[in-house]
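Q: I am new to this structure and would like a close look at a single part. Please take me through one spot and then out into its surroundings.

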Amino acid sequence: AFSGKVTFSHMEKEFIPQMPERLQKLWEESRVADFIHCATIFTLANFHMYLNETRDRSDIRAFSYESLVSDRYSFCRSFFQEIGIDGQYVDLALTAMDTDSQKNSAISKDKVLGDKIEISEDALHWGKRIGQQLGIEMDGHDFRISNIQQARNFCS
């Protein structure tokens, strides 16, 4: 999907140096020279940092993407109520979901020609192995991250 849009070398030069040293070392030890593997470790690095940040905190909440897409209106209404925003703004907020939040970027829908990126089985298994080294548990055939403690369904 990203063929000719964002190169692996660009991804590696831009994102890998931003990761903590431990994760940069993990990349060097298990590097696979393609875009999807690089994007996978970058995504796992973000989850790893989130898990470390929230490990001993109960004041941080995470909400599942699945609950957002299953019922956008209920999710938004409940979320706004949680953070103290008047419910009259729900419809306005939902209009943002009709636009491509990555527009004009290398991963915009018009550049990747769709909403999803194809990831090979090899890349998924590689990601699961790297994730385990970072303390990230993934379950099921689609490798959903299962140990983000505060993630919850947020529709009422």
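A: R31 counts as partly exposed, because its relative accessibility is 41%, between the 20% below which a residue is buried and the 50% above which it is exposed. The model is a predicted one. The side chain of R31 meets that of E12 in a salt bridge, with 2.6 Å from N to O. This pair ties together distant parts of the chain. R31 sits in the loop between helix 2 and helix 3, E12 sits in helix 1, and 19 residues separate them.

A33 is exposed, at a relative accessible area of 54%. In sequence, A33 and S9 are 24 residues apart. In space, their C-alpha atoms are 8.4 Å apart.

Now follow E12 into helix 1. This helix spans residues 8–15, and its buried residues are F8, M11 and E12. Viewed down the helix axis, these buried residues fall within an arc of 95°, so they line one face of helix 1. Their cover includes helix 2 (21–30) and helix 3 (35–54).

Helix 2 comes next. A salt bridge joins K25 and E29, whose closest N and O atoms are 3.2 Å apart. The two residues are four apart in helix 2, so about one helical turn separates them. E29 is exposed, with a relative accessible area of 55%. By the rule used here, the salt bridges number two.

L26 also lies in helix 2. It counts as buried, because its relative accessibility is 8%, under the 20% limit. Beyond its neighbours within four places in sequence, L26 is in contact with I130, Q133 and L134. L26 and I41 are 15 residues apart along the chain, and 9.1 Å separates their C-alpha atoms.

Sequence neighbours within four places aside, L134 touches R22, L23, L26, L44 and H48.

The largest nonpolar core has 21 residues. Those that touch the most other members are M19, W27, I41, I130 and L134. Helix 1, helix 2, helix 3 and helix 8 (121–133) are the elements that each give two or more residues to this core. Helix 3 gives the largest share, eight residues. In soluble globular proteins, nonpolar side chains tend to be buried together.

What about nonpolar residues on the surface? There is a patch of them, formed by I83, I85, Y89 and L92. Together they have about 380 Å² of accessible area. L92 belongs to helix 6, which covers residues 90–95. L92 is exposed, because its relative accessible area is 59%, over the 50% limit.

Last, step back to the chain. It has eight helices and four strands. Along the sequence, their order is α-α-α-β-α-α-α-α-α-β-β-β. The chain has 156 residues, and 32% of them count as buried. Its accessible surface comes to about 10,400 Å², with 50% belonging to carbon and sulfur atoms. Of the contacts with a separation of 6 or more, 61% are between residues 24 or more positions apart.

Methods:
Residues numbered from 1 in each chain as written. Predicted model: local features only at pLDDT ≥ 70, side-chain atom pairs only at ≥ 80, totals over all residues. Heavy atoms only, no water. Buried < 20%, exposed > 50% of the residue type's maximum accessible area, 1.4 Å probe, protein only. Arc of directions from axis to C-beta. Contact = heavy atoms within 4.5 Å. Core = buried A, V, L, I, M, F, W, Y, C linked by side-chain atoms within 4.5 Å. Patch = residues over 30% accessible without salt bridge, like charges linked within 9 Å, V, L, I, M, F, W, Y side chains within 5 Å. Areas by Shrake-Rupley, 256 points an atom, 1.4 Å probe, with all protein chains shown as cover. Salt bridge = Lys/Arg side-chain N within 4 Å of Asp/Glu carboxyl O.
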